[in-house]
Amino acid sequence: VVIDTIGSAYDTILSIHSACPELGDNHEVTCNDDASGAFGTRSMISINVTAGTRYLIRVAGYNGAQGDYTLRIAEWPSAPANNSCSTPITVAAGNTYAASTCGATTDGPATGTCGPSMGKDLWYRFTPTTNGTLALDTCGSTFDTMLAVYPGATCPGAVIGEIACNDDSNTGPCPSTRAYVSVGVTAGIPYMIRVGGWNGSSGDLNLRVNFAAACACDWNTSGVLSVQDIFDFLASYFGGSGDFNGSGATTVQDIFDFLACYFGGCA
């Protein structure tokens, strides 16, 4: 809970008590005289509270100051279910996932390729059923976002670096302070998606997930159709692993189907 006297007409002091003050024990839990920054001589307290417990809030004046005061009490949002890397939300292509990161904490490692300053992160997991390109963006979010993608189903540590990371989407579809990544992914491998705020900024998040399957006859998954794909496919074919059409066996029909895809340009 955040409690403050911003808007008051005098120099305030705030204190929280577990019971009425008495001789020898004022039962004070916490207190504040001057809030930081632009709030000057007004007071602000942020406190973790327990459900069902009574708290007494005392509004006083510094050195007996008095006047008109404003008391504001705001319950801060609790952390989302996917606040921890160990509890990611499974996402699917073509969907947008909305959340608030205001109550989130930070449990991811420092990012190496787009600055180390991601904070208040949420976690998602995507597992492609075929090779392709995973595209993620936070275009509809209300704050300065960062995105990172890690391979594997376990939480990344210092030895598992991100395979993609973005702070400001200067070349993507989003406004400059939103994030966008596009990265090649492999069928059957889970990928951890981490979304947070630059320098711990927070707000309403919109994570958009898109996926484009790779061209089947891009046999070497280089991202470009070339004659090398034919050579590599034939090597697989004569090695007994060229089941291009998924029939369960490598036959001459796989050659015909591969060439039809190749000369059709994956259309």
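**Reading a sheet, its pairing and its charged residues**

Tutor: We begin with a contact list taken from this predicted model. Leaving aside neighbours within four places in sequence, R42 is in contact with T5, I6, S8, A9, Y10, D11, T12, N32, D33, D34 and A35.

Student: Where is R42 found?

Tutor: R42 is in the loop between strand 3 (28–32) and strand 4 (44–46).

Student: Which side chain of opposite charge is nearest to R42, and how far away is it?

Tutor: A salt bridge requires a side-chain nitrogen of Lys or Arg within 4 Å of a carboxyl oxygen of Asp or Glu. The nearest side chain of opposite charge to R42 is D11, at 5.8 Å. R42 is therefore without a salt bridge, although R42 is buried.

Student: How many salt bridges does the structure hold?

Tutor: There are three. One of them joins D4 to R72, with the closest N and O atoms 2.8 Å apart. This pair links distant parts of the chain, since D4 belongs to strand 1 (residues 2–4) and R72 to strand 6 (residues 72–74), 68 residues apart.

Student: Why does D4 count as buried, and why does R72 count as partly exposed?

Tutor: Buried means under 20% relative accessible area, and partly exposed lies between that value and 50%. D4 counts as buried because its relative accessibility is 4%, while R72 counts as partly exposed because its relative accessibility is 42%.

Student: What does R194 form a salt bridge with?

Tutor: The partner of R194 is D121, and the closest N and O atoms are 2.8 Å apart. R194 lies in strand 14 (residues 191–198) and D121 in strand 9 (residues 118–126), so the pair ties together parts 73 residues apart in sequence. Both R194 and D121 are buried.

Student: Which residue does R208 pair with in a salt bridge?

Tutor: R208 pairs with D137, again with the closest N and O atoms 2.8 Å apart. R208 is in strand 15 (residues 204–213) and D137 in strand 10 (residues 132–137), 71 residues apart. R208 is partly exposed, at 35% relative accessible area, whereas D137 is buried, at 5%.

Student: How many bridges join strand 2 to strand 5?

Tutor: Six bridges join strand 2 (residues 12–17) to strand 5, and the two run antiparallel.

Definitions and conventions:
Residues numbered from 1 in each chain as written. Predicted model: local features only at pLDDT ≥ 70, side-chain atom pairs only at ≥ 80, totals over all residues. Heavy atoms only, no water. Helix = DSSP H or I, 4+ residues; strand = E, 2+ residues; numbered from the N terminus. Buried < 20%, exposed > 50% of the residue type's maximum accessible area, 1.4 Å probe, protein only. Lys, Arg positive; Asp, Glu negative; His and termini not counted. Contact = heavy atoms within 4.5 Å. Pairing = 2+ DSSP bridges.
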